Amino acid sequence: MDMSQQEMKALLAERAGLVEEALTQLCTDARAPERLRDAMRYSLLAGGKRLRPVLCLTAASLCGTDPAAVLPFACGLEMVHTYSLIHDDLPAMDDDDLRRGRPSNHKAFDEATAILAGDALQAEAFKVMTTCPLPAENVLKAVHCFADAAGACGMCGGQELDMQSTGIRIGIAELEHLHALKTGAILRASVVCGGLLAGADEAVIAALSAYGASLGVAFQIADDILDVVSDTQTLGKPAGSDQEQNKNTYPALLGLERSRELADMHADTARRALDALNGSMNDSMNARDAAFLRGLALYTVRRAK
């Protein structure tokens with residue numbers, strides 16, 4: 001069963017709204033210095049697609065678990081994503097002054113406070129994740145999976161490779177590896193953790209992992225394309241910054257048309273990965289979640305058309 005783009009966007013907005021509401025309750029502990037709390041919430045509540053937490057909620061629902069029980073973990077995912085954006089924007093990293101349509105954290109506050117806000121969000125994320133009202137074994141597996149995806153062998157490692165290769169032309173295989181860590185690892189883990197929290201079996205986890213990995217590639221290619229063809233107002237961050245910094249991107253290596261073809265291919269691969277779940281998810285809600293994930297893979301690449 002496929003879901004129309006309108007239905008897919010409605011469910012995306014619904015689940016993103018749940019995450020948004022829950023995020024407003026976080027980082028309010030009066031024991032923390034007020035300026036640090038303000039800096040954390042400034043970036044955490046700045047909007048965004050909330051894609052990673054929505055993927056987690058949907059995967060858990062697909063596997064038969066109430067998304068409400070997974071919401072703390074999903075919020076933790078967004079907190080780590082937010083911390084990564086704060087640090088990415090710093091002068092020592094990508095040196096961007098704009099994020100989500102307003103000044104980057106280090107511009108709104110100061111560089112030291114921005115670093116601390118990112119550090120604190122990362123620590124708070126894992127604290128929040130452990131409050132999920134689910135079997136401790138499931139939560140532990142999910143925390144372990146996500147920590148691996150966020151660390152030196154995932155997102156942070158990918159960022160290091162990105163910085164090392166800036167200004168030096170690399171091959172497509174190296175670019176794929178870089179982005180599989182920097183962007184793909186967190187997206188894949190967001191889906192897999194939903195399954196782990198729900199106690200899904202190995203076959204289901206494997207299917208979710210394959211879906212998340214291909215979705216991550218499609219998402220990154222689309223982002224690279226948008227940096228070329230879109231504008232700053234639409235992106236909410238400086239357009240053309242990849243080219244200006246001489247970064248390795250799919251359009252830079254392959255051109256726009258081939259990049260679009262590759263994005264479509266990975267979106268199709270993501271959709272096919274869910275076929276392995278046919279027959280194991282029978283009730284209407286599970287079918288709806290599977291249709292949503294398939295639709296999301298298409299939506300990811302269509303935004304760059």
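Predicted model: local features only at pLDDT ≥ 70, side-chain atom pairs only at ≥ 80, totals over all residues.
Biologist: How many salt bridges does the structure hold?

Modeller: There are 15 salt bridges in the structure. One of the pairs is aspartate 110 with arginine 35, whose side chains meet at 2.9 Å, N to O.

Biologist: Which parts does the pair of aspartate 110 and arginine 35 tie together?

Modeller: Aspartate 110 is in the loop between α5 (105-108) and α6, while arginine 35 is in helix α2, so their contact ties together parts that are 75 residues apart in sequence. Aspartate 110 is partly exposed, with a relative accessible area of 28%, and arginine 35 is partly exposed too, with 43%.

Biologist: What about aspartate 162 and lysine 182, how do their side chains meet?

Modeller: Those side chains also meet in a salt bridge, at 2.6 Å from N to O. The pair links distant parts of the chain, since aspartate 162 is in helix α8 (residues 155-165) and lysine 182 is in helix α9 (residues 172-197), 20 residues apart.

Biologist: Is lysine 182 buried or exposed?

Modeller: Lysine 182 counts as buried because its relative accessibility of 18% is under 20%. Aspartate 162 is buried as well, with a relative accessible area of 2%.

Biologist: Changing topic, which residues of α1 are buried?

Modeller: The buried residues in α1 are Met8, Leu11, Leu12, Arg15, Ala16, Val19, Ala22 and Leu23. Seen down the helix axis, the buried residues of α1 fall within an arc of 130°, so they line one face. The face turned away from that buried side carries the exposed residues Gln6 and Glu21.

Biologist: And how many residues does helix α1 have?

Modeller: Helix α1 runs over residues 5-23 and has 19 residues, reaching 26 Å from its first C-alpha to its last, which is close to the expected 27 Å.

Biologist: Now the second largest pocket, what volume does it have?

Modeller: Its volume is about 200 Å³. It is lined by 15 residues, and the closest to its centre are Cys27, Thr28, Asp29, Glu124 and Lys127.

Biologist: Where does the largest share of that lining come from?

Modeller: The largest share comes from α6, which gives 4 residues to the lining of the second largest pocket. Helices α2 (34-44) and α6 (111-129) each supply at least two of the lining residues. Sorted by class, the lining has 8 nonpolar, 2 polar and 5 charged residues.

Notes
Residues numbered from 1 in each chain as written. Heavy atoms only, no water. 1 Å grid on protein atoms, 1.4 Å probe; cavity = no way out; pocket = protein on both sides within 12 Å on 5 of 7 lines; lining within 4 Å. Points joined across faces, edges and corners; volume = space filled by probe spheres on them. Nonpolar A, V, L, I, M, F, W, Y, C, P; charged D, E, K, R; others polar. Salt bridge = Lys/Arg side-chain N within 4 Å of Asp/Glu carboxyl O. Buried < 20%, exposed > 50% of the residue type's maximum accessible area, 1.4 Å probe, protein only. Expected span 1.5 Å × (residues − 1). Arc of directions from axis to C-beta.
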